[in-house]
Amino acid sequence: MDNFDFIAYHKQIRRMVKPHLVDFERSSSAEAAMTSLLGRVEDDLEQRLTHEDRCRVACRAGCGSCCRVNVAVLRPEAVNIADYLRKTRSMSALRELKQRMKALCVAISGLDDDERIAVRKNCVFLDEAGSCSIYPVRPLLCRSITSTSAADCRDALAMHVFGESKPVMMNLMQKNLMNVAFQGLASAMEDHGLDAHGQELTAAVLPVLVEREASKELC
Ligand code: SF4
């Protein structure tokens, strides 16, 4: 990671995403923006991680112990996730999901990061097997998290509730690359005069699902 130029990387991401953000509320534009961005960052990460790095990562499908923290997303991410859900879920599954999303929004509304951990409410997209059900379109900030020890993650979250901390070793290249990609997307949004503040994942995706549903009913 020593000689990786994160400032240049931020500029590249911003330049790459910017043209896709014209009228990005349309499904096809949000999908194009996020497909190109996610493809690019995953390719770049693949090239930068060594075999040793990959062996050290403990994150696996079925763990999900960190999936009960506040995750911020930008609007194009939320639109892309909502459209992915609409494509991959049946009407009844989507209805049931929206109910759970509403309940979670109520339960975690206004909670800061510490309070959110303390209430022990899982992400609504974590399935019963402990896997991410929106894995191909999961948020950039979820992608930024890696751990070298599942036990350390569990301990850190448990201790956090009591105001204590335990460090969790992460892959810094992955963390920084995804964080910079998030910032690059935010900067590209600002270039278009869009609101580039992050919003909590469930609270950001639910209104998009409701809006999409309403616009379909009007057609
Ligand atoms: S979106 Fe997926 S990876 Fe992110 S917190 Fe939810 S279940 Fe976990």
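D44 is buried, at a relative accessible area of 14%. Buried here means under 20% relative accessible area, exposed means over 50%, and partly exposed is in between, with a 1.4 Å probe and protein chains only. The model is predicted: local features need pLDDT of at least 70, side-chain atom pairs count only at pLDDT 80 or more, and totals for chains, interfaces and linings use all residues. Residues are numbered from 1 along each chain as its sequence is written, and side-chain values use heavy atoms, leaving out hydrogens and water.

Back to D44. Its partner in a salt bridge is R40, with the closest N and O atoms 2.7 Å apart. A salt bridge is a side-chain nitrogen of Lys or Arg within 4 Å of a carboxyl oxygen of Asp or Glu. R40 and D44 are 4 residues apart in helix α2, so about one helical turn separates them. Helices are DSSP runs of H or I with at least four residues, strands are runs of E with at least two, and both are numbered from the N terminus. R40 is partly exposed, at 24%.

How many salt bridges does a search of the whole structure find? It finds 15. One of them joins the side chains of E31 and K87, at 2.9 Å from N to O. E31 is in helix α2 and K87 in helix α4, so this pair ties together parts that are 56 residues apart in sequence. E31 is partly exposed at 34%, while K87 is exposed at 59%.

Next, R143 and E42 form a salt bridge, the closest N and O atoms being 2.8 Å apart. R143 lies in helix α7 and E42 in helix α2, so parts that are 101 residues apart in sequence are tied together. R143 is buried, with a relative accessible area of 4%, and E42 is partly exposed at 26%. Salt bridges with shared partners join E42, R138 and R143 into one network.

Now the core. A nonpolar core is a set of buried Ala, Val, Leu, Ile, Met, Phe, Trp, Tyr and Cys residues joined through side-chain atoms within 4.5 Å. The largest one has 52 residues, and L37, L85, F125, L140 and V205 touch the most other members. Which helix gives the largest share of this core? That is α9, with 10 residues.

Last, one backbone angle. Most residues other than glycine have a negative phi. R120 is not a glycine, yet its phi is positive, about 55°. R120 sits in the loop between α6 and α7, and is exposed at 52% relative accessibility.
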